[in-house]
Amino acid sequence: TDLRELPTDQCAEAYNLYEADGKTLMSPDRVPLFAALKDGGVSDEEMVIAPRGLPKRQIVAQAVPLHSEDGRLLGAVASLSDVTEARAAERKLRESEVQAKHVAFHDSLTGLPNRARFSQFVHETDFATHAARTAVLYIDLAHFKAINDTFGHKCGDNVLVSLAKILTDRGGEEAFVARIGGDEFVLIAPVENENCALELAQEIISDVSKPTVIDGKTIATRA
């Protein structure tokens, strides 16, 4: 179908032209050729061509109007560059960077922030401006080495994962919980007063002290 045979408002649908999100059908005045005729030119406009039954292609469009020597508007010309692979490579690179940052600042076993992220958090947070007081709890499992020696490191890992869950559950959404060493954790959370901080600490100690069954073994811990 020749483009000139179609009404302007049907071109985007006929040629499957979408905005850069790949979902929003282009309005007539956004189609590069028509935009060049109306506004005088299109430069580096991203769009998506999504033919039915075929993969979407990401496109960068350029378009300029054509004039006669005496200045009469004759039409417009557009060039389209397929950047699908380039954009996919850019997304993959960004995802890799995000993943690398996550690995650098999180503990691989518990998924909690690690010592490096804890240090960063402390330096970037202005606790003096917080409306509530801040409780800082340091948790160190007593005799954790004995658990590893007696039941094995896999069992010990499960104990650490269980402790991480206790701390995140008790701390709530506003708390910052980090694993800063082998069996060392820190919980930072807003509290109303010192009594609330003590109550939180006692609740954690009580939870940690309850015997748990891991891999069929009853484990008793103490913080």
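**Close-up views of selected sites**

**View 1. Asp 44 in strand β2.** Asp 44 counts as exposed, at 52% relative accessibility. The cut-offs for relative accessible area are under 20% for buried and over 50% for exposed, with partly exposed in between (1.4 Å probe, protein chains only). Areas come from the Shrake-Rupley method with a 1.4 Å probe, and for residues only the protein chains shown count as cover. The model is predicted: local features need pLDDT of at least 70, side-chain atom pairs count only at pLDDT 80 or more, and totals for chains, interfaces and linings use all residues. Residues are numbered from 1 along each chain as its sequence is written, and side-chain values use heavy atoms, with hydrogens and water left out. Asp 44 has a positive phi, near 50°, and is not a glycine. Most residues other than glycine have a negative phi.

**View 2. The loop residue Asn 16.** Asn 16 sits between α1 (11-14) and β1 (17-18). Its phi is also positive in a residue other than glycine, near 55°. Is Asn 16 buried or exposed? Asn 16 is buried, at 9% relative accessibility.

**View 3. The salt bridge between Arg 87 and Glu 46.** Their side chains meet at 2.4 Å, N to O. Arg 87 belongs to helix α3 (residues 84-105) and Glu 46 to strand β2 (residues 42-49), so the pair ties together parts 41 residues apart in sequence. Arg 87 is buried, with a relative accessible area of 18%. Glu 46 is partly exposed, with 25%. A salt bridge here is a side-chain nitrogen of Lys or Arg within 4 Å of a carboxyl oxygen of Asp or Glu. The whole structure holds 16 salt bridges.

**View 4. The salt bridge between Asp 70 and Arg 72.** The closest N and O atoms of this pair are 3.2 Å apart. Asp 70 is exposed, at 56% relative accessibility. Side chains of opposite charge can pair when their charged atoms come close.

View 5. Arg 133 lies in strand β5 (residues 133-140) and Glu 194 in helix α7, so the pair links parts 61 residues apart in sequence. Arg 133 and Glu 194 are both exposed.

View 6. On a 1 Å grid over the protein atoms alone, a pocket is an open set of points where a 1.4 Å probe fits, with protein on both sides within 12 Å along at least five of seven lines; lining residues have an atom within 4 Å of a point. The lining includes Leu 141, Val 159, Ser 162, Leu 163 and Ile 166. Asp 207, Val 208, Lys 210 and Thr 212 are also among the lining residues, as are Ile 214, Ile 219 and Thr 221. Which elements supply at least two lining residues each? They are α6 (153-171), α7 (194-209) and β8 (212-214). The most comes from α6, with four residues. By type, the lining holds seven nonpolar, three polar and two charged residues. Nonpolar covers Ala, Val, Leu, Ile, Met, Phe, Trp, Tyr, Cys and Pro; charged covers Asp, Glu, Lys and Arg; the others, Gly among them, are polar.

**View 7. A nonpolar surface patch on β3 and β4.** Val 64, Leu 66, Leu 74 and Val 77 make this patch of about 330 Å². Patch residues have over 30% relative accessible area and no salt bridge; nonpolar side chains (Val, Leu, Ile, Met, Phe, Trp, Tyr) are joined within 5 Å, like charges within 9 Å. Strands β3 (57-67) and β4 (73-82) each give at least two residues. Leu 66 lies in β3. At 40% relative accessibility, Leu 66 is partly exposed.

**View 8. Two loop residues, Leu 109 and Ala 175.** Leu 109 lies in the loop between α3 and α4 (115-124). Leu 109 is partly exposed, with a relative accessible area of 31%. Leu 109 and Leu 160 are 51 residues apart in sequence, with 8.2 Å from C-alpha to C-alpha. Ala 175 sits in the loop between α6 and β6 (176-179). Ala 175 is buried, with a relative accessible area of 19%. Ala 175 and Gly 41 are 134 residues apart along the chain, and 52 Å separates their C-alpha atoms.
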